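I opened this model to see what sits around its ligands. My entries follow in the order of looking.

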Amino acid sequence: MLTLAFGGVFCIEAIYNFSPAALDVQLGVLVFTTIFLGLFLHLQLPRTKIHLSISDAMIFVALLLYGAEVAVLLAVTEALVTSMKLRLRGVNLSALTIALNGATTAVTTFATAAIAGQLFGDMRAAVNSLDYLHVATMLGVMTTTQFLFNSFFVAVYTAKKTKNSIWNEWHQTSLDVLVIYVCNVLIAAIILYAVISISAVLALIAIIALSTVFLTYRRYVDDVKTSAAKAETAERDRAEQAEKHIEELKHHIHEQDRISKALRESKEKFRHAAFHDALTDLPNRNLYIETIRFLLEKSRTTNGAPFAVLFLDLNRFKTINESLGHSIGDKLILHVAKRLSNLIPDGDMVARFGGDEFAIILNKIHSVDGAVKFAELVSDKLSDPFTLNGKQVFTGVSIGIALSDPAYEDAEDILRDADIAMYYAKEKNRKYEIFDKSMHARAVTLLQLETDLRYAIDRDELCAYYQPIIDLDSLVLTGFEALIRWNHPRRGLVPPGEFIPVSEETGLIVPITLWMLRSTCRQMVEWQKLSTLNQSLVLSVNLSGKHFAHRDLVSQVHNIIVETGIAPQCLKLEITESAVMENAEMVTSMLKQLKALGIQLSIDDFGTGYSSLSYLHRFPIDTLKVDRSFVSTMENGTENGEIVRTIVGLAKTLGMNVIAEGIETIHQIHQLRILGCEYGQGYLFSRPVPSEEALKLIESRDRWQQFIPSSIINIPAQKHEVRHLRLAK
Ligand code: C2E
Ligand code: MG
Ligand code: MG
């Protein structure tokens, strides 16, 4: 406020004391230069915040040439015009700030004029006398005064804003202000010299010319600045761009890292999946084989310890899977895997090959006994029940053991041998079996047999033999059982016992049976056409239990009956007792359908299996064939004799007839007749013979009556009496 008051007073005082006589061209030039050129002629010293303006210098000139009043008015006017210009350019300057600016300028100029006036008296005279030293001294004093006042005011205002001490602010800004004043005084000295030594007008022209040069220079400086700014902006843009690129690069690298990590992980997963079983997470066949390969290599190069390979196959797994469902089947496999993992010693391996097959490697076994003991342990542990979904499920295991041997060249070979041994164990219903070379030889033979059998039908190598079935009452031919033979190109006539089991395992049994049915039915029809006597002959054909798994069985039989034209009642299908009883439920329905075709059904090898009487009662069976093991050892009063008697009695009760197989002696005929067995079959009557010979047997159908004295043949009643007596007992 004080500044404003003093400023106002000094302005009023200047206006009051201003003499219009002072107005001349020179003053006009001075005012023009100060106010208008001053607006444009200012320069920022490079690399500083210092702004130089011609106006400040002109104020000194005005003070020296026209005294305090003109200098104060000119300075205040210039300050106000400059403030207005800044405001027009958008700088936020309040009216108070502008007034304060003007007041400060008034005070500073007035103080300078007062002090210089006191010290030097009439300054204009000194200037006109061209006493340069005097003028320089005056300028020096004026500059110092102006500097001190101005820097003081600047420090006060700044301190007020920044809340710093006035001294601190003065200390920081004073150097800039001093430089401004030193420059101003130099410019003022030059202008003053120009005004005095030339004329004011010429000085003005010179000033204008200089101004033009100056402005051109400034434009140049501005251009330089602009291009520097542009360059700076471009540089900044480039830096930003580079930073952005670096960021993007970082992002890319990060992404790359993430992708390669994911890739590594999925590679790991694939690797794991390639060597592990998905259900149990145990090692799979690949890893197992690799491990055996490694162990074999080790045992060859470093005489490593012997090891054993165990091949395991669960018993009844298929039945469990089919009857209880696949999810229970999977659970069973998981439980088995867990039990096995708990059993194997550290450093050994248990693997799953899929299905119900597992394999174990036992390292460092010292003898066969070690492997055998372990196999027994595994077998015991796996025969304990498993509780799955609250149900107790029983299984068991068949184990094949193969011991390492330097002779093994490939891992697959030792595994194959353990597999063969496992099949032996299964076949013989044993817990385990140790591989020996004869097993391999047999396996190879079987494989060869299987291969040959596949071509046997096409190459017409199969043929049917016929064994007569005789009525034991009349000893007359009643029909034949057709028995298959394989006319092998190298091995000669192969009996069915050697290839029927293989054909059952491979599924070849179905086409073989159909071939057999078709050709023998055709043959029988041919025979029947020969004579009306033959029309009652019955053809018995064996049917494998495996064939019942084929839904088409009934329609296949039906088609063959139609195709060959055989009378259905002349065809009898024989099914073994064990095949019928194993799948009693399913077989019952199939048997009924077969029966509905009008054919006869017979249970073969009766007495060797475990027939359930309730099933037997429900089956639509016509005939029981007593197994030849009972007939061959049947003596009067022996246990087997009793069994035959019981079977005959049972058959009668169930409304079936009985055929005795394997009759080899006349004595057996006698006994069977006494027991009431209606039919017989055996080497005594005839071995199975080819069709040509069978025809001869048809032509002499009663040739077997020679076996029994005519007195016995003619007393059948006695036989029945005996039978009833025995049954009653
Ligand atoms: P099977 O059906 O019980 O046939 C009776 C077997 O006993 C025949 O053996 C026959 O030659 C033999 N045999 C008959 N009488 C006597 C005798 O007095 N003493 C002795 N020691 N044996 C006698 P084969 O022909 O070797 O047939 C064996 C088994 O092969 C048959 O037993 C049958 O189960 C099966 N088989 C034969 N042909 C076929 C066929 O076409 N299909 C099917 N699925 N199995 C067949
Ligand atoms: Mg048979
Ligand atoms: Mg039989």
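I started at ligand 1. A polar side-chain atom of Glu664 lies 2.5 Å from a nitrogen atom of ligand 1. Asp604 also reaches ligand 1, with a polar side-chain atom 2.8 Å from an oxygen atom. From Tyr683 a polar backbone atom takes part, 2.8 Å from an oxygen atom of ligand 1. I count a polar contact as a pair of N or O atoms within 3.5 Å; within protein, one must be able to donate a hydrogen and the other to accept it, and residues adjacent in sequence count only if both atoms are side-chain atoms. The protein covers 84% of the 780 Å² of accessible area that ligand 1 has on its own. Those areas come from the Shrake-Rupley method with a 1.4 Å probe; for residues, only the protein chains shown count as cover.

A note on the source: this is a predicted model, where local features need pLDDT of at least 70, side-chain atom pairs count only at pLDDT 80 or more, and totals for chains, interfaces and linings use all residues. Residues are numbered from 1 along each chain as its sequence is written, chains are lettered from A and ligands numbered from 1 in written order, and side-chain values use heavy atoms, without hydrogens and water.

Next I looked up the shell. Ligand 1 is surrounded by 20 residues (a heavy atom within 4 Å). The closest are Asn542, Asp604, Arg628, Glu664 and Tyr683. By class I find 7 nonpolar, 5 polar and 8 charged residues. Here Ala, Val, Leu, Ile, Met, Phe, Trp, Tyr, Cys and Pro are nonpolar, Asp, Glu, Lys and Arg charged, and the others, Gly among them, polar. Which strand gives the largest share of the shell? Strand 11 does, with 4 residues. Strands are DSSP runs of E, at least two residues, and helices are runs of H or I, at least four, numbered from the N terminus.

Then I turned to the metals. Glu481 (OE), Asn542 (OD1), Glu574 (OE) and Asp604 (OD) coordinate the magnesium ion (ligand 2) at 2.0 to 2.2 Å. Donors are N, O and S atoms within 2.8 Å of the metal (3.2 Å for Na, K and Ca); water is not among the atoms, so sites may look incomplete. Glu481 lies in strand 11 and Asp604 in strand 15, so the pair ties together parts 123 residues apart in sequence. Are these two buried or exposed? Glu481 is buried at 4% relative accessible area, and Asp604 is buried at 5%. Buried means under 20%, exposed over 50%, partly exposed in between (1.4 Å probe, protein chains only).

Asp604 bridges ligand 2 and ligand 3, which lie 4.0 Å apart.

I also checked backbone angles. Most residues other than glycine have a negative phi. Lys163 has a positive phi of about 65°. Lys163 sits in the loop between helix 7 and helix 8, and is exposed at 73%. Leu475 has a positive phi of about 55°. Leu475 lies in the loop between strand 10 and strand 11, and is buried at 0%.

Last, the whole chain. I find 27 helices and 18 strands. The radius of gyration is 64 Å, well over the 27 Å that the globule rule gives for 729 residues, so the chain is more spread out than a compact globule. That radius is taken over C-alpha atoms, and the rule is 2.2 Å times the number of residues to the power 0.38.
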